[in-house]
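Please read them beside the model.

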Amino acid sequence: MNALLSVEGVDVHHGDLQALHGLDLTLDEGETLAVIGANGAGKTTLLRTIAGSLRATRGEVRLDGDPIGSTPAHVRVARGIALTPEGRRIFPSLTVEENLLVGGYRGRKGPWDLRSVYELFPLVHGRRTRAGAHLSGGEQQATAIGRALMANPRLLLLDEVSLGLAPVVVKEIYAALPQVVARGTTVLVVEQDLNQALGVADRVQCLLEGRTVLEGPAATISREDVTAAYFGLQE
Amino acid sequence: MDWLNAVIQGLLLGGQYALLACGLSLIFGVMRIVNLAHGVIAVAAAYVALWLVQDGSVPLLLALVVVVPVFAAAGYALQRGLFNPALGGGELAPLLVSFGLGIVLTNVLQQVFSADSRSIGIGSLGTSSVPLAPDLSVGVFSLLTFVVGVGVIAAVQLFLSRTSTGRAMRATSDDPETAQLMGIDQRHLYGVATAIAIGTVALAGVFVGMSTQFSPTYGDLVLIFAFEAVIVGGLGSLWGTLLGGLVLGVAQTVGAQVDPAYGILAGHLVFLAVLLVRPSGLMPRTVTA
Amino acid sequence: MSAVTDVRRRGGRASMVGSGLLVVAVLVLALWVPYNVSLGTLSSLVGLFVLVILGTTWNLMAGYAGMVSIGQQAFIGIGGYGVIHLADAVGLPVLGAVVAAAVVCGAVAWATSFLVFRLAGGYFAIGTWVVAEVVKLLTTQVDALGGGSGLSLGAFQGADRVARVATVYWLGLTLAVVVVLATFALMRSRVGLGLTAIRDDPTAASGLGVPVDRSKRIVYVASSAGVGLAGALTALNTLRVTPDSIFSVGFTASMIFVVLIGGIGTIEGPIVGAVVSFVLQDRLADLGSLYLVVLGVVAIVVVLLAPRGLWGLVTRVTDVHLFPLVHTVRREASED
């Protein structure tokens, strides 16, 4: 089977600072991959490079085998890549419902519309007329995921879902993910919370300082290995 | 009765100012560009309409139907060709580019149409009036301008709040980077916003040309009035711009009632007073992006 | 043992040669030119000095403090009207009237800054223009200032024409040199350092304790006082002011062209821009409004394609800095 997404030998720089060093990653259709790592490991950079808000200085990103490295972000959305950015980035002056509608701007066909998103997140439905500026962190996160789903993506990129949220809220949001996967969406989740990451993913890839240090199926990988890789400890 | 008359005339004049200001407000709201060529573009539209009517013997209404879309298209090209590249060059670049554009347009008009004052003749429409009370009547044409002004503001506001493209504009105004992650092509969207802005200011310019004498440098005054309407109204919505236009119009006509020389000055002073007392305008943004 | 240290210094050999040439140019303008050109040329050269002052002061605001004003004609007008009124009606000596007019400009700028500083970016630009319009409209209402028809300078009446033109010429040259040096000194002071920080990152600068508003206000007042000098000089040179001519937004247009063409954000740029503008004006005057069309197009092209202007092109090739503001950091190995 052909990979849905492949990242091949990608270097990314922030000015003089190199954030990713020849990174490789592949993701098959329907799979859920968790990318984990400490602060500054390059996880967010990786997602932003896949979504198109950052450009790789070397290497290639492919969707269905087609190079998309020079495709602008807005066109990548039309081709089925949607990102829930770090910090949620809800449009503050738009209502929740308007935020969702903007997510569906491209009008891609698929299972997700206002109704199915509200079913997935009843919390969001209850807040639909509220301005984005006046949401709690959990409401923002659910709205942000709903907004990304409105694009009916083939590949959903989730950045730091649990960051700054109460554990009970995180649990609620992660509980919704299997329904997303069940409708055929491939998910790449970036997470610092190991338990959540291992619980939801088929496969885990661990980054350290812009390089992959550990990779394997979530079911067989040991927590000790992950912890060691996470902190860059040698065996 | 004189004072009441002055207020009513001022409100009607305010409709015209709101129409002039609508595009300035829209462009700033969506992409934070202050277009210093805004005024001269209005005047350019008046000249083109005049040329069509006088030299081309085109009926005035048809001239309007031609001018507005042509200017809207030019607005799109202006955004894609000049303003979008300038946006990459820092905060000052778009401002300075629009300043240069204003100088170019003013002097091209000067070259082509000379510096003489002109106006677009509208025959009996300009002199007929509707009586409101024994001593009080309003000009049909001012009333028409007012209705068009309010209508355009309402239409653009409705477009922003109800349509997918309008929503995308507001989202881009809030957070341009995230808007691109929603699949919004910022450069095209900015083009559409400027097309609407330039289309409306062209319409406004033709109305100005029908109501008063204009010359190539008249755009300076148009820009200042439009700007005052925007700031007095506040940057919350186009309704604020309408309110700002009305306040400015009334200030000018009431000032002129005191002494004809004080009309424009009174408008400026009201603007400065608002700046001093309520710097965010009469209808400020309630949610800060 | 050897260590690597960063040595920070200002200027270099090429820059010293450049600065030397600049001094020579000023000396030639002061000592040779007045005795070797016609009176008409001498008088028109005052226009060059006005352009240098206008460009330098506008650059101080826009290039260093990020404030684009299109209302600086207010201070040309106040400077022009001020010098004539103070010399003729109040009876100050001409030099005293020039300085006093500039002080008045600074005071007006200080007072109005509390209004226009409430506006940011492009709206600040138009706000300053409104203030200029108000000043102009108020001026036409004052009978003592000649109402709509303006004022003529009487102080030079009876003076020898040669002596008058020469006096104004030397005064103009002196003022231009003073304004450039004062700007240079301001930029080397703490205020200048703070402004550079503000330009690079306003939030960080403010967090580090740079008084953003106060620094901007100092620049606005200083720059407007400088513009007042240029206005006074213009009035002394033309002997007459009218509201429409001396409050013309065209003055601001020339400031902007001078700065953009020469190079924004450098001391040298506006000087280069003033010279280029002056020569173009002289050569292309016959073109009338077409000349301004060309200038507008050039301004747009410069902003989009060569935002550092002519001086930017020079420094990219030669690393010459006539005014040592730029720090060069060089790694040098030293023995411990």
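1. Chain A and chain C share no contact; two residues are in contact if their C-beta atoms, placed from the backbone, lie within 7 Å. The closest C-alpha atoms of chain A and chain C are 16 Å apart. This is a predicted model, where local features need pLDDT of at least 70 and side-chain atom pairs count only at pLDDT 80 or more, while totals for chains, interfaces and linings use all residues. Residues are numbered from 1 along each chain as its sequence is written, with chains lettered from A in the order in which they are written.

2. Two pairs of chains touch, and chains B and C have the most contacts. Chain B brings 35 residues to that contact and chain C brings 32. On the chain B side, the elements giving two or more residues are α3 (60-87), α4 (92-113), α9 (218-233) and α11 (263-277). Helices here are DSSP runs (H or I, at least four residues), numbered from the N terminus. With 14 residues, α4(B) gives the most.

3. What is the class make-up of the side of chain B that touches chain C? There are 26 nonpolar, six polar and three charged residues. Nonpolar means Ala, Val, Leu, Ile, Met, Phe, Trp, Tyr, Cys and Pro; charged means Asp, Glu, Lys and Arg; the others, Gly among them, are polar.

4. Within chain B, the axes of α6 (residues 164-174) and α8 (residues 186-211) come within 10 Å and cross at roughly 110°. The two helices are therefore roughly perpendicular (65 to 115 degrees).

5. In that pair, α6(B) residues B:Thr165, B:Ala168, B:Met169 and B:Thr172 meet B:Gln186, B:Leu189, B:Val192 and B:Ala193 of α8(B). The contact holds five nonpolar, three polar and no charged residues.

Methods:
Axes fitted to C-alpha atoms, helices over the stretch in contact; angles between N-to-C directions. Parallel < 35°, antiparallel > 145°, perpendicular 65-115°, else oblique.
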